Amino acid sequence: MTTAAEREQPTRRRIALPGALLGVGLGGFADGVVLHQILRWHHVLSGAGPATVNAASVPRMNTVWDGLFHALAWLATLIGLGLLYSRVTRSRERLWSSRSLWGWMLIGWGLFTLVECAVGRQVPGIHHVRTGPDQLWWDAGFLLLGTLLVAGGWLLRRGGAEAEPCREP
Amino acid sequence: MTHGHGAHPVTMAVLVAVALVAAGYLVLALRERRGARGWGLGRIAAFLAGCALLVAALTGPVAALAATDFRGHMLQYLLIGMLAPLGLALGAPITLLLRTLPPAHGRRITALLRLRVLQVLSSPGMALVFTVGSLVLLYCTPLYGVLAGNPLLHVHVLLAGYLFAYVIAGPDPAPHRPSVPTRLVVLGVFVAVHLTLSQLMYAGAGLYVPAPPEQLHGAGEIMRYGGNVAELLLVLALVIGWRPSSGRRAVHRG
């Protein structure tokens with residue numbers, strides 16, 4: 001017989017990958033819908049020109065990249081859910097009150113934001129968060145946001161032992 | 001022909017059917033609600049919202065726009081084929097019927113659900129063929145030019161959308177519903193075809209749709225972002241509905 005604590009430890013780690021993938025997916029949707037579509041700050045390739053131009057005149061490549069970006073967000077979400085389903089086989093109804101799951105989701109979201117900023121800064125032609133005279137500040141703000149998300153997720157995850165799913169009731 | 005919009009007899013029949021179904025559902029649901037097992041308000045709200053979306057799509061400004069503008073057609077597709085069916089499926093109408101009808105009728109419904117035909121129809125492959133398969137057929141062949149504005153197209157889109165929502169997420173019993181991982185893969189294929197079609201539409205390339213570029217462009221955006229919202233709601237419904245423990249595996253590990 002294993003003790004409850006011994007059984008929990010691997011479970012907490014098992015939730016890490018699906019949680020982070022879900023976070024990446026959610027981050028992708030938030031970025032894709034809010035920043036790309038509603039605010040129209042940037043497209044994936046909008047570094048090539050002003051971000052505020054009429055959508056009809058944006059190069060066609062941009063929409064292809066936006067589509068791929070959406071596809072990646074979907075892929076992360078669906079794979080994350082599939083892993084979560086196959087790894088958590090008991091008491092799934094308590095899954096969504098698990099602090100470690102939400103913690104890992106925030107970490108995934110933060111990592112997505114950091115990677116997006118880093119790629120935007122380093123690779124010419126790919127977008128900044130918001131192209132313009134203040135783009136350095138926008139980039140810095142998003143780096144900070146990403147860091148805060150990762151740190152917040154890490155703290156949330158650490159306190160997550162008592163609300164762990166897949167434990168015997 | 002000058003009587004304005006929504007006068008087609010098939011559309012009128014659909015609207016009357018929607019009103020009757022909504023009234024019937026409400027009567028049965030309220031009766032069940034007073035019973036011992038109860039009936040959730042969320043389910044009632046979902047079903048009535050589905051009915052309301054159907055009415056909104058088939059009448060008024062949306063129908064008027066759809067008669068002349070491809071963006072209106074896409075809006076109708078989004079409402080009739082994706083959002084309304086999800087609401088209807090989440091209302092669990094089959095469960096309601098099974099609970100409220102006399103046992104003899106209930107057995108007949110259960111037998112119907114187990115029919116070989118329905119088993120084939122509700123297989124993941126067929127659900128994909130009926131939904132995105134018919135979309136590809138409609139937009140990538142000259143078929144749209146023939147069928148545009150035909151109310152029977154709405155009936156097909158509604159039935160296909162309902163079948164899809166029922167197979168993927170629906171709380172109603174489905175004897176042959178595929179496993180959660182299979183359903184996630186099916187959703188992935190659905191999303192991929194949808195995204196590709198909306199991209200082609202946005203770019204105005206590769207489709208046989210006789211509409212001006214700005215209409216195609218707008219319809220592509222509606223399809224992509226509206227479709228994303230509907231698909232995310234579908235995923236949410238799937239996740240909420242997945243069983244607390246999947247019988248056999250839980251026993252093995254326990």
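Let me start with chain A, where residues 24 or more positions apart account for 80% of the contacts that have a separation of 6 or more. Please keep in mind throughout that what we are looking at is a predicted model, and that the predictor gives the complex an ipTM of 0.80 and a pTM of 0.83.

Staying with chain A for a moment, you will find five helices and zero strands in it, so that is why, reading along the sequence, the pattern is simply α-α-α-α-α. Of the 169 residues in chain A, 38% are buried.

One residue of chain A that I would like to point out is Gly67(A), which is found in helix H3, the helix that covers residues 60–87 of that chain. Is Gly67(A) buried or exposed? It has 21 C-beta neighbours inside 10 Å, and because the cut-off for a buried residue is 20 or more, Gly67(A) counts as buried. Leaving aside residues up to four places away in sequence, Gly67(A) touches Leu195(B) and Gln199(B), which takes us over to chain B.

Before we look at the helices there, a word about confidence. Chain B averages a pLDDT of 86, and 93% of the residues score at least 70. Over residues 1–6 of chain B, however, the pLDDT is below 50, and this stretch has seven contacts in the model beyond near neighbours in sequence. The pLDDT is also below 50 over residues 245–254 of chain B, a stretch with nine contacts of that kind. Where pLDDT is low, the predicted coordinates should not be read in detail.

Now to the helix pairs. Two packed helices are described by the angle between their axes and the distance between the axes. For helix H4 (70–90) of chain B and helix H12 (residues 213–241) of chain B, the axes come within 8 Å and cross at roughly 5°, and H4(B) and H12(B) are therefore roughly parallel to each other. Among the residues that make this contact are Phe70(B), Met74(B) and Leu90(B) on the side of H4(B), and Gln215(B), Gly226(B) and Ala237(B) on the side of H12(B). By class, the contact of H4(B) with H12(B) has 16 nonpolar, four polar and one charged residues.

The second pair is helix H1 (residues 9–34) and helix H5 (residues 93–100) of chain B, whose axes come within 10 Å and cross at roughly 60°. These two helices are therefore oblique to each other, and their crossing is left-handed. From H1(B) the contact includes Tyr25(B), Leu28(B) and Glu32(B), and from H5(B) it includes Pro93(B) and Leu96(B). Its residues divide into five nonpolar, one polar and three charged.

Ala92(B), in the loop between helix H4 and H5, has a positive phi of about 50° although it is not a glycine, and with 24 C-beta neighbours inside 10 Å it counts as buried. Pro213(B), found in helix H12 of chain B, has 10 such neighbours and counts as exposed.

How values were computed: Residues numbered from 1 in each chain as written. Chains lettered and ligands numbered in written order. Predicted model: local features only at pLDDT ≥ 70, side-chain atom pairs only at ≥ 80, totals over all residues. Helix = DSSP H or I, 4+ residues; strand = E, 2+ residues; numbered from the N terminus. Buried ≥ 20, exposed ≤ 12 C-beta atoms within 10 Å, placed from the backbone. Contact = placed C-beta atoms within 7 Å. Axes fitted to C-alpha atoms, helices over the stretch in contact; angles between N-to-C directions. Parallel < 35°, antiparallel > 145°, perpendicular 65-115°, else oblique. Left-handed = near helix turned anticlockwise from the far one by under 90°. Nonpolar A, V, L, I, M, F, W, Y, C, P; charged D, E, K, R; others polar. pLDDT = per-residue confidence, 0-100.
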